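This report is a guided reading for someone who is meeting the structure for the first time. Please look over the sequence and the model before going on.

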Amino acid sequence: MRIGNRIFIAVFVLILAFVPVATALSPKKLTDEYEFRTLQRRPELTSERLLSGKYMSDWEVYFKDNFFMRDAIIKACAYTELNVLKRTVVNNVFVSDGHVLPVLPYRAPVDSTSTVVREAAEKIANAARVTESYGGEYLLVGLPSQSSAFHELYPKHVFDNWDNQQKVNAEFYSALDDLGVQYVDMYTVFKDENGFEDSYYKTDHHLNIGGALRVYQKIAEELALSVYDNLEFYVLTDEMIGSRARYLHGVSPFLDKLEVFKPTIPVRTREDNGEAVAPEVLSLDMRNYGVFMGGDVGETVVKTERPELPNVLVYGASYTNAVEALLYQSCNEMRSIDQRVYTKLTIEEYIEIYKPDFVIQIVDDRSFER
Amino acid sequence: MVFSSATFLFIFLPAVLAAYFILPKKCNNFVLLVFSLAFYAYGEPKGIFIMLISILGNYIFALFLRNRYKKLALVLSVVFNLGILCYYKYSGFLLSNLGITDFREVIMPIGISFFTFQGMSYVFDVYKGDTEPERNPLNVATYISLFPQLVAGPIVRYTTIEQELVTREITAEKTARGISRFIIGLSKKMLLANTLGGVAAQIFEVEPSTLSAPMAWLGAVCYAFQIFYDFSGYSDMAIGMGLMFGFHFLENFNYPYIARSITEFWQSWHMSLSTWFRDYVYIPLGGNRKGVKRQILNILIVWMLTGLWHGAAWVFVFWGLYYAVLLILEKFVWGRLLARAPRVLAHVYTLALVLFGWVIFNGSNVGHILGYVGAMFGLGDATYAGALGLAGDYKVELLAAALFSTPGVKMLGKRFKDRRGAMVLARVGLIMMFIVCIMMVVNTSFNPFIYFRF
């Protein structure tokens, strides 16, 4: 028994000693490709950070972010939860009927969100008025988010916010009607055409090229643009790890097909944030949604030098990227703004300066209240 | 710094163990004191001064309890300790109840309720003559600040460890037992409390009027397991680390969920707190020695204070009084009937009342509590249902939590403890659990203990 005690103590002490040494000696990564974030660097010591406790708490994050065999550990935990314990929800996503879907934060049932939604609609109407003041035309494209598109796949005990979202949608579009803003409700379009399955990735929150194509066609229809949709599509990779699948740290039961197309309309020039870049709309070295337009860029200007075609501004968040890769074909000049990144001018100021013939905002329904 | 953090497990604990066992024995208390103060300062760089003032104050007051100023010293020590506690913990509550809303929020140092009560118990025990005042301030400081039980208990009486503060024996067998206890506590926290706590949080944040009855009960059960395994796990780690350093802390839990009455439940739950209130409030108030009416009043006072100790909010006062009423009813109305009732019935009665108690404890306000209890009785509209699916996702943890809340596994262990093979198997199992816990520490983000609120 005595020797047993000593061996047990020795093993415990060995683990306590080995782990910090191994962590200190193991190579450090700057970013985590699954979490899409920069890992904590060695904390900086300042008196303010020391007294507030931030210095110490950052050490905890630093230790865990750089832990010995961190990737393998996180992967093993995700695998165990998904395949051994068979949990529905793992790392805030769940797998249902061939999709990896997000778990939404709980929100109590709302009777009405009209005030907040109204304010959001008025912001949009401001941009529309500026556009129309010089004879331009404004169009809002409302996209169902992945959770809205596939709300029927949510198990009873996983919150889908669908009841609230429907109220928000109704109030949002009603407000736009009152304010005279032209819009397209893509939820209704996809629903009527039974098009959700073909329009979204399985493991990513964005529209796939099929969905982007449908949005492009709808925009062209609403604004009477010439449409270039007779394209040759092909699969760039069968193994795209979408934004949702990344939460599973490489143990997603399936991956996505990343389909792109062969552009037929040449891009003459392209500028990103004022700097000339390669004149292309597809970054074929990327094996994820970033293939479209090279990812999220604050301001992009694409010119096809066809003056008979209109100048267009499209703005929003990352949902615009795949649509932009198609929409440019219908434009002489296409400007795009990623509102999350671009800070130089307000959208109204931008419209006033460049006076595009058409202004298109693409927004997902979870942003209707912002 | 929490015991389940990577910093504690792989920087602090190895460092304190190394310093403790490598340096000469006469440095042991000094090592513990330095590391305990560092432990507290790590999480509370400003709060450390409050703890040091508390230690100094109690040290000085205890010295005055052996002269003619003893009564004054006792009164001053109570005012001093309760003054610190009231200022940091209850000033906001008091001011807002007086209708004053424009005041600067006072940040409550972690563990202030624990180390204040610990300091007070030292002074009270000296006053009662149970122990002599400690002349060496470092010993008092070590006792009050000892990191294993500093921020979440158990509340250790000075008399429990006064001998061991001076001289204690460390053996391989004791250290091994301490490590086992530590791993068991860490496993309770990481494998059961955290997981079931996530389920409980998910259900409790839902608007109660939308809950189905099964979902409401599932939430209550998960919370009951979370709070038990969280707190008893932390106590296990504290007791285990105490053993590693040669100290014997008293047990804080004794399978409370197998109790057959509320009285029995509170004799098994957070025993260091309930005995503190019994010895230092209930008995000095007269206990049951001054007639029935006075006894009932004493119970109400003690439990109102117990509720307040848990949190500066009327919900906690209500929670304390809830148990006061139940204890009074058991004592004077149906206690005998309960003792004669079939065991199963008595268990169900106790568990149901305890679950309602936890709903009160975890409720955000009176409306939420009433709504939640209503949902437990089927008054919700069941929009949020699917309890079976959710319970199925966590069936392993729920079954383990139910199993380990009974003494069955411990009794089984006792039967085989002298068999070498069984001991080896148990220790291999413990090391594997330790590794799994480490993996979960890496896999999860910062995760505070519930009782850190106090």
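## Surface and charge

Accessible areas here come from the Shrake-Rupley method with a 1.4 Å probe, and for residues only the protein chains shown count as cover. The model is a predicted one, and in it the accessible surface of chain B comes to about 19,500 Å². Of that surface, 68% belongs to carbon and sulfur atoms.

As for charge, chain B carries 37 positive and 23 negative side chains, and the centres of these two sets lie 9 Å apart.

## Overall build

Chain B is made up of 20 helices, with zero strands. Its radius of gyration is 23 Å, close to the 22 Å that the globule rule gives for 454 residues, so chain B is as compact as a globular protein of that length. Taken along the principal axes, the box filled by the C-alpha atoms of chain B is roughly 65 × 60 × 50 Å.

Buried residues account for 55% of the 454 residues in chain B, where buried means under 20% relative accessible area. When contacts in chain B between residues at least 6 apart in sequence are considered, 77% of them join residues that are at least 24 apart.

## Helix 10 and one of its residues

Helix 10 of chain B runs over residues 213-244, and at 1.5 Å a residue its 32 residues should span 46 Å, which agrees with the 46 Å between its end C-alpha atoms. This helix is mostly covered, since 28 of its 32 residues are buried. After helix 10 of chain B comes B:G246, whose phi is positive, near 95 degrees.

One residue placed in helix 10 of chain B is B:M237, which is buried, with a relative accessible area of 0%. Although B:M237 and B:Q149 are 88 residues apart along the chain, their C-alpha atoms are separated by 8.9 Å.

## Helix 5

Helix 5 of chain B covers residues 112-128, and its 17 residues, at 1.5 Å a residue, should span 24 Å; the end C-alpha atoms are 24 Å apart, which agrees. Helix 5 of chain B is also mostly covered, with 15 of its 17 residues buried. The residue B:G129 follows helix 5 of chain B, and the phi of B:G129 is positive, near 90 degrees.

Key: Residues numbered from 1 in each chain as written. Chains lettered and ligands numbered in written order. Predicted model: local features only at pLDDT ≥ 70, side-chain atom pairs only at ≥ 80, totals over all residues. Heavy atoms only, no water. Helix = DSSP H or I, 4+ residues; strand = E, 2+ residues; numbered from the N terminus. Rg over C-alpha atoms; globule rule 2.2 N^0.38 Å. Buried < 20%, exposed > 50% of the residue type's maximum accessible area, 1.4 Å probe, protein only. Contact = heavy atoms within 4.5 Å. Lys, Arg positive; Asp, Glu negative; His and termini not counted. Charge placed at Lys NZ, Arg CZ, Asp CG, Glu CD. Expected span 1.5 Å × (residues − 1).
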